[in-house]
Amino acid sequence: MKTKAFVLAMFVASAAFAQSVIINSPGKKGTVAIRNATIVPVSSATIPNGTIVFSNGLITGVGASVNIPLNATIIDGTGLFVYPGLIDAGSHVGLEEISAVPGTVDTAELGDINPNARAEVAVNPHSNVIPVTRVNGITSVVTEPEGGIISGSSAMINLAGWTPQEMTLKAPLAMHIHFPRLRTNAFDEQPQDEEATKEAAKNYTKQIDKLRDVFRDAQAYSKASAARTQNASIKRIDRDLILEALVPVVEGREAVVMHANLERDIRAALKFADEFKLKVILADAEDVARVIPELKSRNIPVILGPILSLPPREDDPYDLVFSNAKTLNDAGIPFAIQSQDAHNARNLPYNAAACAAFGLPKDVALRSVTLAPAQIFGVADKIGSLETGKLANIIVTDGDPLEIVTHVKRLFIGGEEITLDTNQTLLYEKFKSRP
Amino acid sequence: MSRRFLCFSVVSLLFLAASAFADAPGVYAITGGTVHPVSGPEIANGVVIIRDGLIESVGVNVAIPLDATVIDVKGSHVYPGLIDAQTSLGFPSATATRRRGGGAGARTAAPEALPETGPSFLAFREAKLSDDDLDAKRGTGVTTIVTAPAFGIFNGQSVALNLSSGTMESRVIRNPVSQQISFNPRPAWTYPDSLMGVISYIRQTFMDAQQYSAARAIYDKNPAGYKRPDESPSLEALGGVLHRDVPVVFVADSELMIRRAEAIAKEFNVRMIIGGARQGYKMGDELKSLGAPVLVSTKWATAPTAKEDREEQPLRVIRDRQLQPTTPAVLAKSGVLFALVSGAGKTADYFAGIRKAIENGLSADDALKATTINPAKIIGIDRQLGSLDRGKIANIVITDKPIFDKESKVKRIFVDGREAKVPTEDEKKKSASTSTGTGVDGTWSFVVKATSGDVNISATLHVENGQISGTYSGDHGSGDVGNGTFDGTTVQFSIAGGGKEEAGDWVFHGTLHGANMDGTVATTLGTFPFTGSKK
Amino acid sequence: MRMFMSQFAAARPGLTAGDSSPRSTATRYRRLGMTVFALAVACSAFAQDLLIRDATILTVSHGKIEHGSIFVHGGKIAAVGTNDQVTGPSNAQIIDASGKFVMPGIIDTHSHTAVEGSVNEISLPNTGMVRIRDVLTNEDIDVYRQLAGGTTTALVLHGSANPIGGQSQIVKWKWGHPVSEWPVSDAPRTIKFALGENPKSSNFRPPPGIPAQYPQTRMGVEEVIRQSFTDAKDYIARWDDYEAKRKRGETPIPPRHDILMETMVDILKGKIDVHSHCYRADEIMMLLNVADEEGFKIRELQHVLEGYKVAKEIAAHGVGGGTFIDWWGFKAEAYDAIPYNVALMNNAGILTSVNSDSAELARHLNQDAAKAMKYGGLSEEEALKLCTLNGAKQLRLDHRIGSIDVGKDADIVIWTGHPFSTYSRVETTLVDGEILFDRQKDLSLRKQLAQEKKDRLKKEADDEAKNKKKPGKSDDDAKPEVTNEN
């Protein structure tokens with residue numbers, strides 16, 4: 001109560017309207033035990049009447065009966081559920097405040113080739129979007145640049161921390177490429193005039209050539225740099241930060257999230273990836289059902305979403321995007337779900353649920369916003385499930401977090417309890433009490 | 001005045017001499033061919049007598065007048081010259097602006113270098129028909145056209161013209177034929193820039209015309225005591241439409257658009273003709289009960305060239321383009337009065353489109369009716385044209401095979417009873433190939449054949465993005481070339497009028513043939529031919 | 001549905017799938033087209049007796065009925081009750097809905113779907129003369145997709161480019177029907193107003209060469225509205241003048257009939273309902289006051305994202321609110337939007353609905369309604385009304401739609417589970433008692449349609465190859481280039 005009043009006062013006094021006054025991390029990583037709750041670890045079977053203990057930021061015990069340390073703060077979980085904090089596999093959280101106001105948007109740098117643009121440096125830890133995202137149980141997100149062809153690298157961030165550095169779990173996470181599209185506009189009814197079609201084809205080829213050139217240069221740069229580290233007598237070359245950013249990519253150490261929507265573009269992207277032996281994660285991909293064998297043979301995981309979006313073509317089945325998750329699951333292809341959003345990344349769980357409404361098993365839907373993204377992005381040692389040794393990113397709910405009517409009651413990131421207040425709840429309180 | 005007229009007529013005669021028309025006394029007997037009068041069954045080994053531009057008789061055992069030149073067309077087919085009842089020959093093409101629905105976002109404005117149209121715009125006055133236009137169109141067997149611009153909303157008053165040489169005045173069969181209305185939104189930020197805006201704009205204009213008519217009636221009866229109404233040639237021009245003297249051609253292709261046009265026509269009780277109607281196949285019986293004549297454009301929707309692009313198209317679109325060419329057959333079956341027209345298509349597309357309609361169920365007979373007597377009826381010129389009957393104008397086309405056969409060739413053409421030259425295959429090919437020749441860029445010497453004598457002008461022209469700029473000098477002073485456009489074949493530009501007698505610019509309108517150009521120059525003192533060659 | 005096919009096909013002239021004409025291209029194409037057309041039309045059969053059996057019925061107006069049935073007759077709900085209470089005639093088609101949920105068709109009070117051409121007439125600050133009704137299209141696939149999400153009625157609006165926009169249209173999503181049947185016959189006339197950033201063109205500028213357009217501030221937006229009503233009153237006066245002169249036996253010149261002015265006059269006379277897009281509390285207050293002063297009524301405020309800040313005032317004016325629940329931060333004026341807005345407005349006594357302003361969101365307005373339970377604690381009953389009955393009331397059509405009640409239109413949706421569960425999906429959607437979406441039918445038609453497309457493209461490619469084979473007789477060679485035409 002006192003905290004709330006204080007925060008309210010702060011809010012009222014706050015001059016800068018775009019900055020959050022919600023406390024990010026109270027700094028207390030005590031020992032906490034939640035018991036008598038239904039615990040859903042995701043990595044293993046649900047524990048109907050279980051206990052979870054975490055201390056100093058890490059999970060120290062999960063199970064039907066776990067030893068509770070003497071100094072633990074005990075939370076009675078009767079009637080409640082404990083889940084891993086949800087993970088958004090692709091968003092712009094922290095990079096965008098008011099979409100129509102360019103000064104507040106940092107998602108897309110100018111130009112086509114920006115591999116050295118790094119999302120984590122531009123994240124605003126005090127964005128109002130961050131507390132709002134937490135409201136439905138999301139504790140970590142991949143936040144990524146967009147724009148151009150090589151957009152830059154993303155970061156996996158916890159939604160808590162006073163500085164971007166405190167928030168960042170892993171960066172650079174992956175290189176994001178928005179593969180050139182053969183057709184930029186919808187499928188026109190009348191054939192495009194010959195001129196426009198030729199123009200579009202020309203531009204497309206130019207863009208792919210540009211991309212290829214920069215990748216070839218990166219390969220050459222990688223070779224030269226490697227040679228120089230072995231042999232200092234090799235002539236020095238000036239550093240090229242753009243190519244440098246691509247070196248881990250062409251060396252296969254950093255994954256590429258390849259954004260492509262339609263079949264032709266997906267195929268072209270895969271062909272390109274083959275040529276440069278890239279470690280690919282396919283993203284967006286409404287046409288994913290048409291390229292299953294190609295994905296399987298290359299072991300390419302997929303990031304789907306937003307699921308609540310329209311199919312690209314008039315003739316596409318109305319449930320195309322909803323059904324893609326089931327298709328991938330049936331084919332044994334790993335996948336995760338993204339919101340591709342900032343302000344409403346909080347609706348991530350309902351995107352996952354939509355897949356379950358169209359054939360995906362519910363537990364796989366839950367997995368697609370917890371363990372699956374952690375595995376795909378190589379942070380499963382830290383987050384994504386309730387397992388001893390992982391970060392205590394935990395949510396306590398009164399039901400299934402993929403259901404809208406569920407409330408998230410308590411939220412922990414790195415073992416710290418984070419308030420579920422947001423600028424929106426504060427405004428609610430303020431105007432609810434208008435006389 | 002009279003001296004100028006004399007000079008002009010001399011020039012005209014010289015012009016005529018240089019044209020495609022053969023000199024003739026004007027009495028012909030066309031014999032030996034299969035005659036298709038349209039108004040009756042075909043006549044094997046039939047005879048058509050032409051005298052003084054009109055048909056004197058048609059039949060099988062017709063006495064050949066002693067003063068007639070006999071033209072034996074054994075093995076050939078004799079038809080009335082075809083009537084293309086909706087074209088935009090003589091007008092520049094509209095710049096296509098792509099419209100997509102939704103959103104309050106900004107859209108780019110298309111450059112508007114086209115003349116303003118409106119209800120008082122007269123196609124008769126503004127059409128610029130070059131010789132090449134005429135030759136090409138006539139060479140396909142079409143001897144009468146109706147033309148109006150396709151751009152704008154109220155496209156103006158269309159005119160029916162015989163494709164004869166000579167002055168525009170001498171070509172007119174009927175003027176005006178109709179008011180034409182197209183549902184073309186204006187560029188963004190100019191009212192009306194949406195389809196719904198266009199519809200409201202049309203309705204409001206009709207309402208204004210009604211009010212204008214009422215206001216004028218009251219005022220003209222006795223002006224005393226009244227604020228005088230503003231003069232409005234546009235609203236005046238719509239009076240004929242409101243009184244149902246002049247029909248309105250609504251350019252509408254889709255079923256939805258046809259219904260919208262219908263609603264407007266009903267609201268203002270105007271005589272409607274539908275122009276386009278390529279989705280007419282969806283509503284044959286309805287069109288019949290609607291009672292409006294239909295001008296079916298034969299420019300059927302085409303498929304994208306790339307196979308992958310076709311697969312991306314909606315089935316709805318694929319179905320529609322495959323069913324469009326069945327429209328004429330459907331309309332024929334439903335008993336709708338319809339004509340086959342170019343509409344949005346080019347001259348080259350017309351016959352291909354007609355043949356496609358025949359492949360899709362239209363009988364060759366109905367196709368012939370739809371290009372002769374039907375359009376004549378719809379235009380209101382069926383007492384003069386549309387069939388081979390005594391007293392009608394002698395517009396005749398003779399082909400070596402039935403006219404809509406794929407291999408059919410036009411052998412001879414008569415317009416107003418005078419034979420017109422049929423471009424040979426070589427000439428056609430030459431014209432086709434050279435028109436994509438060396439371009440307009442460069443220095444030209446032009447010769448304008450004015451009344452008073454040749455006017456030599458030298459000009460340096462440059463084309464960029466379809467716009468011509470440059471300078472000129474010579475007999476007519478010097479300065480900058482203005483308002484220049486080039487679309488690949490047609491050249492247009494203007495230079496200052498100059499001289500105390502002239503107010504407006506000299507507007508050059510010509511066709512590029514490789515390193516040569518020819519056409520006409522329009523001035524306030526008359527229109528004169530010109531030729532040009534690159535230096 | 002198959003049982004209707006033959007009857008229906010026979011009844012409609014021209015739809016004879018068994019045409020025995022020769023193998024001409026035309027006939028084959030037409031036959032293909034007609035067959036599928038017949039299928040499509042026949043499958044969306046004319047309203048016949050239906051009995052929806054053994055569902056959990058969410059009536060919206062009078063609670064939940066477990067193991068309930070609905071008898072549909074003549075396109076209307078003829079009976080609602082428990083399974084025992086409701087039995088239809090023997091010829092009624094039975095839809096077994098056991099284990100399923102049934103609720104009324106969802107009503108979307110803010111749609112831009114099914115509009116041909118631009119949804120905005122951008123050019124003038126007041127474009128009240130244009131009508132959405134004139135440009136409705138029945139070819140927008142998003143309509144079908146919305147039926148697949150349970151939405152059956154929509155208020156289709158002009159966009160928000162101008163302070164006063166065009167006249168909107170209330171329609172039912174009658175997919176498969178001629179578009180003339182879509183407008184709801186006894187629906188009130190409606191018009192769009194827009195306040196804030198969009199009409200003052202804050203976020204988009206005209207291209208070079210076109211001057212910036214008035215208004216550019218919220219002050220200007222108010223001016224445009226006042227001026228329009230002032231002009232309307234002058235227009236009335238001019239016509240009154242005219243009529244008075246005529247009564248005196250004079251022959252005055254009639255004034256112009258001005259469609260725009262007549263629209264404004266009709267608003268003043270209460271013949272057209274105003275639904276106004278707005279965001280900020282101050283512009284909401286502006287419009288409420290201008291309405292009072294100029295003498296017109298606002299039916300519903302839309303978006304109204306800061307409605308919660310002036311809920312008291314909105315309620316006092318008897319104005320409704322239709323909003324999307326959790327979109328925020330996309331514009332400066334949307335920054336203070338909170339998902340609790342719906343609850344706060346609802347609890348202040350404002351007739352509140354959730355709407356989409358999006359062809360995508362219009363497919364799951366049930367979920368937005370559910371969110372009002374989470375954000376603000378609305379009860380299930382209250383939340384259900386948000387996407388059904390409250391919108392019906394805002395559109396003055398609650399005598400016909402918005403709940404499952406005897407006598408109302410049979411706009412009914414069958415769900416696999418409770419519509420507020422994210423795991424539920426729509427199985428069947430009826431509009432006026434006719435099934436316009438059915439998932440099983442949709443699934444079964446896919447292969448057929450894919451095959452038809454394949455066949456048609458193959459035929460086209462074959463015909464083209466045939467034509468190319470004929471030596472040198474391409475039509476392009478035969479005719480010379482012609483100049484000077486489009």
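In this predicted model, the C-alpha centres of domain 1 and domain 2 of chain C are 30 Å apart. The domain assignment gives domain 1 of chain C as 44-105 + 404-460 and domain 2 of chain C as 106-401.

Where the two domains meet, 20 residues of domain 1 of chain C are in contact with 24 residues of domain 2 of chain C. On the domain 1 side, strand 5 (101-104), strand 15 (426-431) and strand 16 (434-438) of chain C each supply at least two residues. Strand 15 of chain C provides the largest share of that side, with three residues. By residue class, the side of domain 1 of chain C that touches domain 2 of chain C holds eleven nonpolar, five polar and four charged residues.

Chain C also has an interface with chain A, in which 37 residues of chain C are in contact with 32 residues of chain A. Helix 9 of chain C gives the most, with five residues. The side of chain C that touches chain A divides into 18 nonpolar, seven polar and twelve charged residues.

The table sets out the residue classes for the two sides.

| Domain 1 of chain C, touching domain 2 of chain C | eleven nonpolar residues | five polar residues | four charged residues |

Notes:
Residues numbered from 1 in each chain as written. Chains lettered and ligands numbered in written order. Predicted model: local features only at pLDDT ≥ 70, side-chain atom pairs only at ≥ 80, totals over all residues. Contact = placed C-beta atoms within 7 Å. Helix = DSSP H or I, 4+ residues; strand = E, 2+ residues; numbered from the N terminus. Nonpolar A, V, L, I, M, F, W, Y, C, P; charged D, E, K, R; others polar. Domains from an automatic or database assignment.
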